[in-house]
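Colleague: Hi! Could you walk me through this one? I'm new to reading structures.
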2 protein chains.
Amino acid sequence: MLPTALANLIDALGRLPGVGARTAERYAYFLFKSDTNLSHKLATALEELHQNVKTCPKTFAIMDASDQVSPLYDDPARDKSIVLVVEEALDIYAIEHTKTFHGTYHVLGGAISPIDGVSADQLHIHELIQRVADDSVEEVIIATNPSVEGESTAILLEKLLHERFGNLKITRLARGLPLGVSLEYADQITLSAALENRTKL
Amino acid sequence: MLPTALANLIDALGRLPGVGARTAERYAYFLFKSDTNLSHKLATALEELHQNVKTCPKTFAIMDASDQVSPLYDDPARDKSIVLVVEEALDIYAIEHTKTFHGTYHVLGGAISPIDGVSADQLHIHELIQRVADDSVEEVIIATNPSVEGESTAILLEKLLHERFGNLKITRLARGLPLGVSLEYADQITLSAALENRTKL
């Protein structure tokens, strides 16, 4: 019933995560009513995405296709003896925004999830072990998400790294109360962790 | 900090209605992790949108650029003596899905809104009056949204049409209880309308 070009656009937009038919329609109609430039800009950005963005072969972070390795690894100011391990490349930018970490990153590319069919050998764990050996890494900070999948992955990583490198320091991000959440609403596990890991004033 | 091509895409996606920085990041990263085909398909659909979709010069509905007038107007099976007036072109498809209307449509292109700077002369009201005269229209069904803007527009339309065409039947969509909303949660105005316009069993 809709014009074919609009229906095609709705169909393509509907493939984005969390975008249903109604939202896709709203986006498409907005683009149709907006200036042609916006559609054109978006189309160009899409065509350039896979050409100009690549995954770093060392850290699996995302980087400009013109780079050989991620600038966050290549930069001599970054301490290669500390590796912070995240699930997804975007997690890096959440950490970078804090401006308090000066080590390097390693992206696993997900977390172990039997339901989604993700097993340990699909993650970049082998490459992490290789890096720990090659770069004489002293500390690995495990920063997987606080979900069932992230927890399982953290436990496995700890086990594998510990077996292989007896002297390696393995740490995890602290558990505790996030800013702005009152005690009343904090869940039991978070609150137990906050109590257990209390800090001296 | 992000690769330029990814930052450009996030920027363009962030222009969509209701899409903030985080959502735009999620969409862009999803597209990066997905097959190139999806980005390519979306880019092609965007480039073809303004080329292949046009506004009907008669009804202001959207149509394939190859059409002279909207097929919903052109079709001899549609009754041109009944015109249903909507704010936006997508509203037509909501009515069409009911499969119960066989008249034609007229898109106003919005509703009167002093706050958004939309005045009556920016809407396709003049063209509607022209159509009522040209097509010997017998009934105009006003189907603007039940918002303050839609209401004001409906009142103005009724006044203008009534002044000009004494014998024209002017109707509005019924007010009443929507499916699945219990009495308890219905607002006062809707409930008053449902009571006033009660139907005989």
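**A chat about two chains**

Modeller: Happy to! Let's start with one residue: leaving out residues up to four places away in sequence, Ser136(A) touches Ser81(A) and Arg131(A). Keep in mind that this is a predicted model.

Colleague: Okay, and where does Ser136(A) lie?

Modeller: Ser136(A) lies in a loop of chain A, between helix H6 (125–134) and strand S5 (139–142).

Colleague: What separates the C-alpha atoms of Ser136(A) and Gly176(A)?

Modeller: Those C-alpha atoms are separated by 31 Å, and the two residues are 40 residues apart along the chain.

Colleague: Switching topic: how many residues of chain B are in contact with chain A?

Modeller: On the chain B side there are 54, in contact with 54 residues of chain A. Between them the two chains bury about 5,200 Å², with 72% of it on carbon and sulfur atoms. In chain B, the residues that lose the most area to chain A are Phe32(B), Leu46(B) and His50(B), together 13% of what that side buries.

Colleague: How many salt bridges are there across the interface?

Modeller: The rule finds four between chain B and chain A. In a salt bridge, the side chains of Lys33(B) and Glu88(A) meet at 2.9 Å, N to O.

Colleague: Which part of chain B supplies the largest share of the side that touches chain A?

Modeller: That's H3(B), with 14 residues. By class, the side of chain B that touches chain A has 29 nonpolar, twelve polar and 13 charged residues.

Colleague: Last topic, the largest nonpolar core. Which residues touch the most other members?

Modeller: Leu9, Leu13 and Leu31 of chain A, along with Leu9(B), Leu13(B) and Leu31(B), out of 74 residues in that core.

Colleague: What is Leu13(B) in contact with?

Modeller: Leaving aside its neighbours within four places in sequence, Leu13(B) is in contact with Leu42(A) from chain A, and with Val19(B), Ala24(B), Tyr27(B), Ala28(B) and Leu31(B).

Methods. Residues numbered from 1 in each chain as written. Chains lettered and ligands numbered in written order. Predicted model: local features only at pLDDT ≥ 70, side-chain atom pairs only at ≥ 80, totals over all residues. Heavy atoms only, no water. Contact = heavy atoms within 4.5 Å. Buried area = accessible area lost by both parts, 1.4 Å probe. Helix = DSSP H or I, 4+ residues; strand = E, 2+ residues; numbered from the N terminus. Nonpolar A, V, L, I, M, F, W, Y, C, P; charged D, E, K, R; others polar. Core = buried A, V, L, I, M, F, W, Y, C linked by side-chain atoms within 4.5 Å. Buried < 20%, exposed > 50% of the residue type's maximum accessible area, 1.4 Å probe, protein only.
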